[in-house]
Amino acid sequence: MGSIALLLLVALPLAGFVVLGLAGKRLRPAAVAVIGAGSVGLAALDALGLLVRFLLEPPEARVIRQTLWVWLDTGELHPRLSLLLDPLALVMALVVTGVGFLIHLYSIGFMRGEEGNGRFFAQMNLFVASMLVLVLADDLFFLYLGWEGVGLSSYLLIGFWWRDEKNGRAARKAFIVTRIGDAAMAVGLFVLFQGLGTLQISEVAARATAAWRVGAGPAVLASALLFAGAAGKSAQLPLQTWLPDAMAGPTPVSALIHAATMVTAGVYLIARMHALFELAPDVLAAVAVVGAVTMLLAGLSAIAQRDIKRVLAYSTMSQIGMMFLALGVGAWSAAIFHLVVHAFFKALLFLSAGVVILALDHEHDLFRMGGLRKELPLAFWTFAIAGASLAGLPLVTAGFYSKDLILWEAWASSRGGPLLGAAGIFGALVTSLYVGRVILLAFFGERRTVASVRPGRVLAIPLVVLAGLSLVGGLVELPPTLGHAPSFSWFLEPSLPAATAAGRRSDMAILQGLTSLASLSGILLAYLGFLRHRRADEELPLVGPGVTGILASGFGFDALYDLCVVRPLTRIARANSADALDRIFEGLAALVGLTHRALCRTQTGRLRTYAAAMVVGTVVIVGIAVLR
Amino acid sequence: MILGWIVVLTLAGGALAWSGGRRASRWIALGTLALDLVLVGPLFLRRPATPAGRRWLAELVLPWMPRYGVGIHLAIDGLSLLLIVLTLVLGILAVVASWREITQRTGFFHFNLMAVLAGILGVFMALDLFLFYLFWELMLLPMALLIAIWGHERRTRAAIKFFLFTQAGGLVMLVSILGLAFVHHADTGVLTFDYPELVGTPMPAAVEMLLMLGFFLGFAVKLPAVPLHTWLPDAHTEAPTAGSVVLAGLLLKTGAYGLLRFALPIFPEASRAFAPVAMTLGTIGIVYGAVLAWAQTDLKRLVAYTSVSHLGFVLLGIYAAGTVAQEGAVVQMLAHGLSTGGLFILVGALQERLGTRSLDRMGGLWAMAPRMGVLGMMLALASLGLPAFGNFVGEILVLVGSYPRSPELTAVATAAMVLATAYSLRLVQRTFFGARAEPASVLQDLSARETAVLVAAALGLICLGLYPQPVLDTAEPALGALRTVFGQVARR
């Protein structure tokens, strides 16, 4: 039973993709919607059924394996297309199908009347199927198939509105930059296979711990390379530049792929391979530092963005940075907890931003919004709830619980420390500052553009459901100071070891107080800076245009890469487009031609020249003979 | 016996096509190739699942010039079988794809096409080195004619260049073949060109190296390995569609086949010593070809340079010389045949309609030709090495297999994945997406005939990508046997 349900989980969206891909053009829009959203909805129900089944079983029995077929079998290498459902995979699958279904539902309304509806839903279903392969794969090669599959669907959907060259550029940038990470990850797989002789995930963990001691060369190399892959997919430094541009895609795509699921695949990968990473403490430290730095830089960049979706994109980078921070200090389940909660509130932020964008006829500029609170109350309230959750408003929001757990671990666990903890608290302040700014600019103040469309029911349902989840979703994991019911980590315990943080309950309470304070003061700062003293549009208060520019450009990484990588490469490639090596052979041919012409000259047809040449030749030959 | 018939039948079909009329010649060519495929079919089904002592699936030995040790010796194992099936399948696709493109001297066109195919089939079967050389040359002239007569703007030049390069390589190989026979004669007193006899001929290291280099040069030109690749973009670009398909899909593979069949087993020590160089050349080819492909504005030239990159993987895999790497090289050969063959057919279809191959004059074609767009996208994705397509299986096996031999080269070759993404996406972007470069033009989507051809290629790639096992099982006994020779002598 269980294994069939597991197969269906992947098969349903895949079937949706195949049907819509082959017949999407001929189907009526209603049929497209039913197939597109329905396949994911059924998969979500399926995942819920599996959750119930798991909860009824004792923890050690919560695992289902199902091999589809042996992909290929040659030499020592025999990767199988096999699925593994354990608590971690199930949590991911629930997020992918659950949030995925809500976003598909929303898309029915959002994409109504668009050209290429069938194509849209086909590609969305392909994404869900690939993402499920990624999280359910039991073999790293199979996981890689899903990994590249989500990259492909991301590329296709960013460039969905293909007529605009700009979207194509953003789509290619996303695919190419993430593929840099993918290439590193592939080499990581070679290292693992060479050292361990297997790529089956549980086997890799077992053999790695048995064969390699902590800090062993291959373990460090492999985990560093996998980390590079994770950084690419999850838009972490230094491979983060593709994400803000990826906002060129339709808003539901941004919500599903570039906020809730695909970009968190890196977090999943590291959590899944935690046994390997634990053998490489230096790499884990790097994960924490990269996460913390990304969190801060992206959070600061978010403050200066004009485009509402770009604010959210930088926010996603920042929040995933926080998850990486958690991974780096060994807080595996806290990272996954925040991943889930983030999926709720960030998807909701995008979806309600989508309502605003739709209502303002595809306006993205925050400074042309304003005062929308009254006109779009549903969008306002849901955006505010999601924003509060993102800012981690104490006690009432889900974000508070997940973020708090991470900050506590960053502070108190043996791998963390005050520096990482302080960075986290500062990050919380920055977060609520940029959230507050967006809400104030878009929904408060004077009205600048009139809203033309109001959301229908198809748009409203996902918003309301996600708003509920953004509020109460955190209650599955209550910290020791507030009831101590960590059921989420208990559920994950068969997959992920418990956190290591050890500290007094009073310290924890102090830290919670500090983060709450940071979060609230961020909102206050936003109020002071952007509503009370609202100034000329572009500039941030206090810091001046220079800093604003740096922040708005995301600290200039794009310009830097363009200067150091893209342009030199393009120049070299262009300069050599005629292939310099060909010159050698063309030169050879030219030389032959030249000799030919030179010798032709001697064929004058004049007897005198010939006779003279013969005489000279004879003299030379005779001369040589005599002189030897 | 059946092997002989296949070659003779293909040649006879060509001759018949020449004498037939315009319509008849197409059907004759198609029918002949289909009949060949029917003849090969039973061999494919009968192939042993495991190596059971018998090395050849079919063999034909006839005396020819016994005084010079030359005989007619044809035989196939799993490796040849796979390549023969690829030859026939791509041959059929090429005939169907040029159904409307070729309107002048149709009969002669098909004669030449069939002659090239017969030569290729012979190369994949011949075990007598003299006969092998004969078939090797048989491929050459009709191919040059295909380019020179039915090609595009700069066809004569490209044909001559192609002829000179391959002929030069072939002559060097001929010298090596003769040298090998003489060494064997001096050693044993028997003059023979028979491959099974020649394998294991003991010789001084310097002689072995020299003779091996002669073979390598001949094969490296065909493959092509950088820096001997520069005939390829010209020839591929100027050839008619069928010519490009046969060139990229099949002719290049004869080089790889020659390395696997002859260069490595006959000269194991020298090959082992030479392997680092060959692997480096392969890796350079992967990167260099990709960079060049990326910079092209002529669509066909772009596709042509991707071949340099993809065949680099084959060279890398062959000389990494493990089971996994060589299996990867074989899968890569098949997958590249289908993906690049398909892309050339697509480019041919575009050129036929737009009258141009320039990327600058395309763009936004998705609106008018979505079917072309979807299939073009699939072929481009296969070409960039996306999992679920055959090229991925080929490349990843090569890389997994060569990692233990050289982590550095493997890492560089893997990084070329990024370049492959760049050129493949550029290809689809500049043709199908973005604004229309020439809004006035009207573009007809693929016809049913063209769609069928490309769908067949795409499906083949997906089968190779998701379930390559039958191919691996067919190739492995053959590769294993070749490697045993290679390994035994090398270990000595």
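In what kind of crossing does H13(A) pass H14(A)? The crossing is left-handed. Before I go on, please note that this is a predicted model.

Let me stay with that pair. H13 covers residues 281-303 of chain A, and H14 covers residues 308-328 of chain A. Their axes lie 7 Å apart and meet at an angle of about 160°. An angle over 145 degrees counts as roughly antiparallel, so H13(A) is roughly antiparallel to H14(A). In the contact between H13(A) and H14(A) there are 17 nonpolar residues and 8 polar ones, with no charged residues.

Now a pair in chain B. Helix H3, residues 78-97, packs against helix H10, residues 241-266, at an angle of about 170°. Here the axes are 8 Å apart. H3(B) and H10(B) are therefore roughly antiparallel as well. Among the residues that make this contact are Leu83(B), Leu86(B) and Leu90(B) of H3(B), and Val245(B), Val246(B) and Gly249(B) of H10(B). Lys253(B) of H10(B) also takes part. By class, the contact has 14 nonpolar, 3 polar and 1 charged residues.

Last, the contact between the two chains. How many residues does each chain give? Chain A gives 34 residues and chain B gives 40. On the side of chain A that touches chain B, the elements giving two or more residues are helices H5 (140-158), H6 (165-196), H24 (557-575) and H25 (580-602). H6(A) supplies the largest share, 13 residues. That side of chain A divides into 18 nonpolar, 7 polar and 9 charged residues.

Key: Residues numbered from 1 in each chain as written. Chains lettered and ligands numbered in written order. Predicted model: local features only at pLDDT ≥ 70, side-chain atom pairs only at ≥ 80, totals over all residues. Contact = placed C-beta atoms within 7 Å. Helix = DSSP H or I, 4+ residues; strand = E, 2+ residues; numbered from the N terminus. Nonpolar A, V, L, I, M, F, W, Y, C, P; charged D, E, K, R; others polar. Axes fitted to C-alpha atoms, helices over the stretch in contact; angles between N-to-C directions. Parallel < 35°, antiparallel > 145°, perpendicular 65-115°, else oblique. Left-handed = near helix turned anticlockwise from the far one by under 90°.
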